[in-house]
Amino acid sequence: MFRYVAKLPGGEVSYTSFIAPRKLGWGFLLAWVFCAFYAGPAVSAVPNREGMGLDALSRLLVDCAPVTVAILVLVVLVAFEGRIGSVAHKGWARWGAPVLTALGTLLLSFCSVLDCSSAALYLVGSVLNGLGSGVMWVLWGELYARLPQDEVEAAALLSAIIAAMLVLAASAMSGWVACAFVLSFPLISGALFVLAWSRDGDSAVSSDYLHRAEEDALVQAHDSVRGKPMSAMRAMGRSGWGVFCACLFTCIVGSLARVMVSGAAFQVIVLLSLAFMAVVGFVSLAGPRRLSIAFLYRWMCPVLTFAFAMLIVLDATLGGCIAFGVGLGARFAFCLITQMYFARFAARGQATPTQSYGLGWIFVHLGDLAGVLVMFALEALLPSAETSSIAAVCMVLLVVATMYVLGDKDSFALAWTPDVGKAQASPVEDASSSESGSRIQELARELNLTPRETEVFALLMKGRSVPYIRDELVVSRETVATHVKHIYAKANVHSRQELLDLAN
């Protein structure tokens with residue numbers, strides 16, 4: 001068991017949760033993606049597509065096949081959700097998706113270990129990978145959207161760290177050992193999902209919404225947008241295109257590196273990527289900003305700009321190694337942030353879990369696909385173009401995209417807040433809610449709470465968690481914890497339950 005503890009200043013515990021290992025299966029899916037598509041020749045479990053002896057068009061086909069199939073699968077799941085329903089409740093999806101992904105990986109392993117350059121075999125394996133992985137992204141999204149926000153943050157960060165360690169281990173293996181190791185990732189991820197869903201999937205939609213009326217309002221909000229993907233698209237605002245651009249530039253950075261990084265150098269890069277991802281993850285949880293795509297760009301823009309600059313000012317080998325490392329680290333952190341962001345987007349009622357994660361990963365895969373097509377076009381149309389020139393143009397476009405994303409004021413301004421009045425509450429419940437609000441204001445005056453402490457106090461009385469209060473008031477976790485400590489001290493209590501008893 002992993003224990004996630006948030007402590008108040010002075011050592012008082014405000015929230016404690018046990019993160020069961022079954023909730024960390026997303027990390028195995030993430031590790032599989034990196035080993036199969038992003039790690040290049042460093043992991044021998046999949047063939048080196050550059051060395052398959054294919055012509056340019058055939059190589060483009062096999063490169064685009066898995067991501068294109070995954071996009072199509074996600075489009076079908078989102079567009080026909082009203083008819084298909086939640087795939088997490090479908091046995092064929094829970095069991096079939098991991099098996100298809102593993103079978104596709106097995107075919108790629110034959111290409112690698114047997115040094116087979118069959119484009120047909122590689123194409124079939126890639127199609128199976130796209131089919132299986134497309135469903136698995138939504139499966140884990142369905143689960144994460146139902147977990148409390150604290151658990152989502154802890155589980156996503158721990159899962160991403162596990163994924164980096166698995167990629168590191170896979171890079172130290174070779175032959176059938178490496179193939180069997182990577183082949184097990186989707187199967188383990190699927191088994192952990194089945195176990196987690198059986199125990200956690202049918203629980204309350206989100207324990208951030210503790211009152212029955214608020215839970216009903218969230219369910220009603222999801223019902224109102226189910227089968228309406230365009231409504232979810234509009235609610236997502238610029239965030240979806242921000243995800244697309246971020247993935248596009250990350251893909252281009254890795255492609256422009258044009259170096260074969262493997263062995264000890266690759267393992268050092270993975271360790272640095274792990275450290276970078278952990279820092280970004282902890283900052284996103286402790287910082288005073290809402291977790292959003294705008295937050296993603298605040299650190300991704302300077303990091304990717306640095307990578308492009310290294311391609312310009314340094315020689316091809318050193319600059320390429322730095323760009324490859326930055327691209328890998330940025331992609332790890334990017335996947336972590338988006339996984340948490342999609343869960344919050346669904347928990348606010350603006351989209352169902354299938355829409356939030358389906359549309360989110362559609363934009364991710366579209367960014368990957370666009371990156372492959374852009375690099376293919378540059379190689380075909382501008383064979384003599386220098387890497388430094390392409391990097392300079394990308395730097396300018398990256399800054400423009402960042403300004404576009406940072407100008408988005410709608411994605412969270414339109415964030416859904418449970419309208420308890422619209423929930424089917426009885427007159428007695430309405431009267432009780434009104435009396436509770438009056439009691440909170442009266443008690444705040446008696447305790448001499450500051451205006452900000454009163455806001456925190458009111459949210460605490462509604463059962464809100466520290467992460468929820470942090471996002472709602474746009475302050476850091478530590479600031480919320482400090483306010484809670486002051487409230488406890490003024491009320492002469494030592495726990496939230498004692499505070500609830502006092503209010504009642």
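**Salt bridges, nonpolar cores and a buried helix**

With a relative accessible area of 37%, E455 counts as partly exposed (buried means under 20% relative accessible area, exposed over 50%, and partly exposed in between, with a 1.4 Å probe and protein chains only). The structure is a predicted model, in which local features need pLDDT of at least 70 and side-chain atom pairs count only at pLDDT 80 or more, whereas totals for chains, interfaces and linings use all residues. Residues are numbered from 1 along each chain as its sequence is written, and side-chain values use heavy atoms, with hydrogens and water left out.

The side chain of E455 meets that of R452 in a salt bridge, at 2.9 Å from N to O (a side-chain nitrogen of Lys or Arg within 4 Å of a carboxyl oxygen of Asp or Glu). Both residues belong to helix α17 (residues 451–461), where they are 3 residues apart, about one turn of the helix. Helices (H or I, at least four residues) and strands (E, at least two) are DSSP runs, numbered from the N terminus. R452 is likewise partly exposed, at 31% relative accessibility.

A further salt bridge involves E453, whose partner is K490; their closest N and O atoms are 2.8 Å apart. Since E453 lies in helix α17 and K490 in helix α19 (residues 477–491), this pair ties together parts that are 37 residues apart in sequence. E453 is buried, at 5% relative accessibility, while K490 is partly exposed, at 35%.

In the whole structure, a search finds 6 salt bridges. Among them is the one between the side chains of D368 and R331, with an N to O distance of 3.1 Å. D368 is part of helix α14 (residues 353–381) and R331 of helix α13, so parts that are 37 residues apart in sequence are tied together by the pair. D368 is buried, with a relative accessibility of 9%, and R331 is buried as well, at 7%.

The largest nonpolar core holds 117 residues, of which Y144, W299, F308 and F334 touch the most other members (such a core is a set of buried Ala, Val, Leu, Ile, Met, Phe, Trp, Tyr and Cys residues joined through side-chain atoms within 4.5 Å). Helix α13 (residues 316–347) supplies the largest share of this core, 16 residues. Leaving aside residues up to four places away in sequence, F308 touches F249, I252, V253, L256, A391, C394, M395 and L398 (contact means heavy atoms within 4.5 Å). A second core is separate and has 21 residues, including A444, L449, V466 and V484.

Helix α10 comprises the 19 residues 239–257. Of these, 15 are buried, so α10 is largely enclosed by the rest of the structure. The expected span of a helix is 1.5 Å times one less than its number of residues; for α10 this gives 27 Å, in agreement with the 27 Å between its end C-alpha atoms. R258 follows α10 and has a positive phi, near 50°.

K23 is placed in the loop between β2 (13–19) and α1 (26–38). K23 counts as buried, with a relative accessible area of 5%. The side chains of K23 and E151 are joined by a polar contact of 2.5 Å (a pair of N or O atoms within 3.5 Å; within protein, one must be able to donate a hydrogen and the other to accept it, and residues adjacent in sequence count only if both atoms are side-chain atoms). Beyond residues up to four places away in sequence, K23 touches W140, Y144, L147, E151, A155, S159 and D200.
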